[in-house]
Amino acid sequence: MAAADGLAFHEFEEATNLLAETPDAATTSKSDQLTPQGHVVVAVGSGGSYGVEEEVEEEGDKTALLQEEKPQPGFWTFSYYQSFFDVDTSQVLDRIKGSLLPRPGYNFVRHHLRNRPDLYATETRHIHLPWEHWARDLDCNLLTGPFWICATLAFVLAVTGNLTLVLAQRRDPSVHYSPQFHKVTVAGITIYCYAWLVPLALWGFLRWRKGVRERVGPYTFLETVCIYGYSLFIFIPTVVLWLIPVPWLQWLFGALALALSAAGLVFTLWPVVREDTRLVAAVLLSAVVVLHALLAMGCKLYFFQPLPPEHVVPPSKATALPPNILLTPTMSRSMATS
Amino acid sequence: MAEAAESPGDPGTASPRPLFAGLSDISISQDIPIEGEITIPVRSRIRESDSSTLNESVRNTIMRDLKAVGKKFMHVLYPRKSNTLLRDWDLWGPLILCVTLALMLQRGSVDGEKDGGPQFAEVFVIVWFGAVTITLNSKLLGGNISFFQSLCVLGYCILPLTVAMLVCRLVLLAEPGPVNFMVRLFVVIVMFVWSIVASTAFLADSQPPNRKALAVYPVFLFYFVISWMILTFTPQ
């Protein structure tokens, strides 16, 4: 980045000027003068261009001066929203793959969403994230991924739920088949509320606790939405695999998908939550995992019940019997809300 | 003015004079009235046709619009790279197709509300809001197609699926069975592929190559949902 190079040159130029003016001054005074930006110099030496890129962001108001930017479009213009969709197919596929295979220390947000090549070093630096600076939001330029993942998941849920009913009718002709279009509406509302309201709550909570942390700032709202959106991707193949009418296999796939996506969420949130008190961190992470598990179980129970609740279940249908007992409160609750 | 015009045209003029150098020497003693008619052939033709569409019979107006819609239907059924759909867009065709589809897909009101196919409003909302969302998506990704052109293309490319709906309705009049289902499945799949091919023939060119898949996938999802609604339709 040209601005980062300009910063580096500016530093050296100033240093050489100072040296030229006061050739006999002690070196300590110069390093004192450079201390406010001392970590910048350190970063230039150690991290190469990546380090400079990271450090430029640290100084909030200086970033605006040093990077020459085009003026940010206002939120009422179309190009503001266009900046959130500035992503290529390969980038989206990359991010999907990154969400499928979570690894500890592999911070999804920092690696993919902010285009930062190195990861471990970010945790040790003194980072102030400039929240008032809207350029931060431009880094999460992938609303297209989460939106279409949620849409796909909602429709796949409805379609496979319907297919389960068809297959059940094949096996047992007494089952009454109907297209059940209302499930599409329920699926859509549930998935979209989950993918937007839960990140909103999480983001609000993290900002509220921002005062406790000094080192790592929280994520923006859009980055949280992106994290949740991409973490829901693993459920799409899982839902398709739930067509197989073997119950223990269904629970196994569900547990696997839940483990993968909850692990991805936890690993992404861990560096932000780490500096908080243990209690808050534990409560937050367990709340995230529990909500995710509730979503997975709710989907499984609501969309993949082969028998409608008003039919009396014969005892031979052992697979359907236990979930059916749980089903009636679920169905009544969802009917009340839909 | 004549003197100034012909002075640069003099052959053998040693020094080139500025073009209207003699203009300042002209003095006009009185106002010269200028009158006459400026006729531009093209404009007069348009003026004629404007007044004639206002005065023509209703039948002519309807037939002209119907012919435009029919021509676009032909373009969809035989998709070639032509600009007609994009250049003269109109939303009559999509409206006719959407209303037809929704009328045929809606369930009877007598049965229970919870089970059954979509209501008229649900189909309408899915088609129109789906088309608007896809258009917004492709515009946000930087496509150079206008909003209504994209709506027009997406709406017209529902035509194969509407034909599939008609065929399915006819097939369902026969006795139900696996053969019935296979025929319907085959017809819906063929029409679904036709819709996708027709719409990508128009829409894919408007996106930069590294984003084509991102713009085409929502179109695929949209037609897949409509095909699903057609396939699972059961008459009450």
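How many residue pairs are in polar contact across the interface of chain B and chain A? In this predicted model, the rule finds two such pairs, both at pLDDT 80 or more. Salt bridges between chain B and chain A number zero.

The size of an interface is often given as the accessible area lost when the parts come together. Here chain B and chain A bury about 2,600 Å² between them, and carbon and sulfur atoms account for 66% of it. The contact draws on 28 residues from chain A and 29 residues from chain B.

On the side of chain B that touches chain A, α6 (120-140) and α10 (212-231) of chain B each supply at least two residues. The largest share, ten residues, comes from α10(B). Sorted by class, this side of chain B has 15 nonpolar, eight polar and six charged residues.

Side chains of opposite charge can pair when their charged atoms come close. Over all chains, the structure holds two salt bridges. In one of them, the side chains of B:Arg64 and B:Glu56 meet with an N to O distance of 3.0 Å. B:Arg64 is partly exposed, its relative accessible area being 41%; B:Glu56 is also partly exposed, at 21%.

A salt bridge also links B:Asp90 to B:Lys72, with the closest N and O atoms 2.6 Å apart. B:Asp90 sits in the loop between α4 (84-87) and α5 (92-105) of chain B, while B:Lys72 belongs to helix α3 (residues 58-77) of chain B, so the pair ties together parts that are 18 residues apart in sequence. B:Asp90 and B:Lys72 are both buried.

Note on methods
Residues numbered from 1 in each chain as written. Chains lettered and ligands numbered in written order. Predicted model: local features only at pLDDT ≥ 70, side-chain atom pairs only at ≥ 80, totals over all residues. Heavy atoms only, no water. Contact = heavy atoms within 4.5 Å. Buried area = accessible area lost by both parts, 1.4 Å probe. Salt bridge = Lys/Arg side-chain N within 4 Å of Asp/Glu carboxyl O. Polar contact = N/O pair within 3.5 Å; in protein donor to acceptor, adjacent residues only side chain to side chain. Helix = DSSP H or I, 4+ residues; strand = E, 2+ residues; numbered from the N terminus. Nonpolar A, V, L, I, M, F, W, Y, C, P; charged D, E, K, R; others polar. Buried < 20%, exposed > 50% of the residue type's maximum accessible area, 1.4 Å probe, protein only.
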